[in-house]
Amino acid sequence: MPERVINSEFYQFFIKILFPAFLAVGLKIAIEMKNSKTKVTALNVFLSMVIGVGGAYICSDWVSSYFDADNVSIVIAIIAILSDKIGEFLIYKLNIDIFLTAITESFFDFIINLKGKK
């Protein structure tokens with residue numbers, strides 16, 4: 001009996017929460033790339049996924065308790081897109097993307113220099 005409960009929880013978590021969140025944020029990124037015709041960096045994609053899926057994950061208990069089981073996936077997808085948009089606004093408003101890009105470039109330069117010294 002506990003195995004059936006665990007399988008049900010995994011189904012709820014992966015199929016009804018994570019998959020729609022990843023799909024929604026992925027579609028949002030694809031539409032953004034097509035419409036803006038600007039360069040979307042791997043860092044921007046990573047941040048969008050983390051923020052969008054993280055927002056959906058944080059709200060998942062609330063969504064599961066207040067909405068019908070049939071509507072959970074759609075609400076999670078909407079929350080993922082909204083949290084990604086809010087996160088994107090804050091990132092660009094506060095210029096965090098420039099700071100994070102500088103940190104990652106410095107880290108990779110450090111690793112390359114560390115390997116070059118050997």
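Which residues are buried in H2? Before getting to them, a word on what you're looking at. This is a predicted model, so local features need pLDDT of at least 70 and side-chain atom pairs count only at pLDDT 80 or more, while totals for chains, interfaces and linings use all residues. Residues are numbered from 1 along each chain as its sequence is written, and side-chain values use heavy atoms, with hydrogens and water left out.

Let's start with the overall layout. The protein chain has four helices and zero strands, giving the pattern α-α-α-α along the sequence. Helices here are DSSP runs of H or I with at least four residues, strands are E runs of at least two, and both are numbered from the N terminus. Of the 118 residues, 26% are buried; that label means under 20% relative accessible area, with exposed meaning over 50% and partly exposed in between (1.4 Å probe, protein chains only). The accessible surface of the chain comes to about 8800 Å², and carbon and sulfur atoms own 70% of that (Shrake-Rupley method with a 1.4 Å probe; for residues, only the protein chains shown count as cover). As for contacts, meaning heavy atoms within 4.5 Å, take those between residues at least 6 apart in sequence: 69% of them join residues at least 24 apart.

Now back to H2. The buried residues in this helix are Leu43, Asn44, Leu47, Ser48, Gly52, Val53, Gly55, Ala56, Ser60 and Val63. H2 has 25 residues and runs 35 Å from its first C-alpha to its last, close to the 36 Å expected at 1.5 Å a residue; the expected span is 1.5 Å times one less than the number of residues. There is also a bend of about 50 degrees at Cys59, taken as the angle between axes fitted to the seven residues ending there and the seven starting there.

Setting aside residues up to four places away in sequence, Ser48 touches Val25, Lys28, Ile29, Val53 and Asp84.

Over in helix H3 (residues 72–93) you'll find Ser83, which is buried too, at a relative accessible area of 17%. A polar atom of the Ser83 side chain lies 3.5 Å from the backbone oxygen of Ile51, and the side chain also reaches the backbone oxygen of Gly52 at 3.4 Å. Beyond its neighbours within four places in sequence, Ser83 is in contact with Ile51, Gly52, Gly55 and Ala56.

Then there's Thr101 in helix H4 (residues 96–117), partly exposed at 30%. Thr101 and Asn44 are 57 residues apart along the chain, with their C-alpha atoms separated by 9.5 Å.

Finally, the aromatics. Rings of Phe, Tyr and Trp (its six-membered ring) pair if their centres lie within 6.5 Å; planes under 30 degrees apart count as stacked, over 60 as edge-to-face and the rest as tilted. By this rule the count comes to three aromatic pairs. Trp62 and Phe67 make an edge-to-face one, 5.9 Å centre to centre with 80 degrees between the planes. Trp62 is partly exposed at 45% relative accessible area, as is Phe67 at 34%. Trp62, Tyr66 and Phe67 form one aromatic cluster.

How values were computed: Polar contact = N/O pair within 3.5 Å; in protein donor to acceptor, adjacent residues only side chain to side chain.
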